[in-house]
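Dear colleague,

Please find below the structure that I am handing over to you, together with its sequence. My notes on what was found in it follow directly after.

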Amino acid sequence: MSLPATYRALVCPEYGQPLTLTTRPTPGAVPGSAVVKVLSALVDPSEKHRLLLNKRNPHFSQEPPFIPGNCAVGRVAALANDATSLQVGQLVLLECFVRGRDDPDAQALRGVYEGHTPSGKRLTHQEDLWRDGFWAEYARVPLESCWRLDEKALLGSVEQGGLGYKISDIPFLAKHAVAYGAFRAIDLKAGETIIISPATGSHSGAAVQVASAMGARVIAVGRNADTLRRLSESNARVHGVSLTGDVEEDVRRLSQFGTIDAFMDYTPASLKSPLHLRACVLAVKSYGRGVLTGFPFGEFSLPYGLMIGKNLSIRASYMYQAEDLRGLIKLAERGLLKLGESSGAEVIDGYTLEQHDEAISKADEHQAWGRQVSLQPFKE
Ligand SMILES: NC(=O)c1ccc[n+]([C@@H]2O[C@H](COP(=O)([O-])OP(=O)(O)OC[C@H]3O[C@@H](n4cnc5c(N)ncnc54)[C@H](OP(=O)(O)O)[C@@H]3O)[C@@H](O)[C@H]2O)c1
């Protein structure tokens, strides 16, 4: 596969301004990198708000101009000489989390967030390296973030023993990865019961799928009865529950399923403080665990003495580790974690880079878990 001299990409010139379709010189595979031909790139339901309507978000943004797009799947088109086992043509998952090679604590989300430390910012401020996301025909990625996929298992036909997925079913794995990282951080085990609150957002719905695929029973909290129904119909051991805000009543509702081993809080950034954290802390068993994975930017209080008395372990979890991604991909390749329409989601694909406005509006129509919209920079 030879690289063309130029490639096309969607560029965010400034927050609040329309994206521009730009032609740029195609990057080469500098040492430590691969250049990947992008076949399908996810359009997040929040992109419209993050890129086009909002001013720069003080908590979560990156210095423009940059190419958006944080999850994709593609085929390796060029490799640096120091690649040891990847091959040109290999199908790979692309995700946005980059870490400093000389300092793994220097972190950024390419195309999304430049990180909160000066060392993290250096990763996205180098114009030609890792600042751009995947709404483009080609992307250069670090070799260690080029996650190889078993194409035969994922895309092969069911008659031939494959899972029969289409290419646009795969990028959503990058959302599953955040949940898998958080569950591994609290050592969630098969057979355990976990509360996920709320459970109907784009990431939190993905968390319900992952916990179920890992063999846990899920108490999925939400107001959106339709999404809860779809999640419980398409995933094993999922029970939808609506909570009232009255802590005593909420603990009663959560406890109807028996012992609760763990909870995950996935409160969105639109809220100042965690939604039902107190009820989760009260409902979880002694020696139970909790993981905070959402992004409310306010502060909150918790019953200190009770948490000590119950010997609770509560931790925060941001993104994931390399080992998490490898494990998650295996869950999908073995058919335990379902992707695309077989997971109960609606997958709307086929949008070209020119049709980005249409794709962004389509994704924005349905903020809850259950719709996956993608751009297809290249169709095979
Ligand atoms: N830890 C990490 O590494 C990491 C990585 C990626 C994302 N995140 C963060 O995780 C958070 C959640 O992501 P997401 O994609 O799931 O968010 P989302 O799609 O915005 O989800 C919104 C969820 O919050 C619920 N909700 C919103 N307002 C509510 C209210 N007033 N009362 C009750 N429920 C309410 C919604 O319930 P209804 O369906 O009832 O409206 C839905 O379940 C985001 O803030 C995101 O930034 C964290």
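Helix H4 passes helix H10 in a right-handed crossing, where right-handed means that the near helix is turned clockwise from the far one by less than a right angle, and left-handed that it is turned anticlockwise. H4 spans residues 173-185 and H10 residues 322-333; they pack at an angle of about 115°, with their axes 9 Å apart. Axes are lines fitted to C-alpha atoms, for helices over the stretch in contact, and angles run from 0 to 180 degrees between N-to-C directions. Helices (H or I, at least four residues) and strands (E, at least two) are DSSP runs, numbered from the N terminus.

On the H4 side, the contact (heavy atoms within 4.5 Å) is made by Leu-173, His-176, Ala-177, Tyr-180, Gly-181 and Arg-184. H10 contributes residues including Glu-323, Asp-324, Leu-328 and Leu-331. By class, this contact has 7 nonpolar, 3 polar and 3 charged residues; Ala, Val, Leu, Ile, Met, Phe, Trp, Tyr, Cys and Pro count as nonpolar, Asp, Glu, Lys and Arg as charged, and the others, Gly among them, as polar.

The model is predicted: local features need pLDDT of at least 70, side-chain atom pairs count only at pLDDT 80 or more, and totals for chains, interfaces and linings use all residues. Residues are numbered from 1 along each chain as its sequence is written, and side-chain values use heavy atoms, with hydrogens and water left out.

- The side chain of His-203 places an N or O atom 2.9 Å from a ligand oxygen.
- For Arg-223, a polar side-chain atom lies 2.8 Å from an oxygen atom of the ligand.
- A polar backbone atom of Ser-317 is 2.9 Å from a ligand nitrogen.

Of the 940 Å² of accessible area that the ligand has on its own, the protein covers 78% (Shrake-Rupley method, 1.4 Å probe).

Some backbone features also deserve mention. Pro-64 and Pro-65 are joined by a cis peptide bond, with omega about 0°; Pro-65 lies in the loop between helix H1 (47-53) and strand S4 (71-79).

With kind regards

Methods. Polar contact = N/O pair within 3.5 Å; in protein donor to acceptor, adjacent residues only side chain to side chain.
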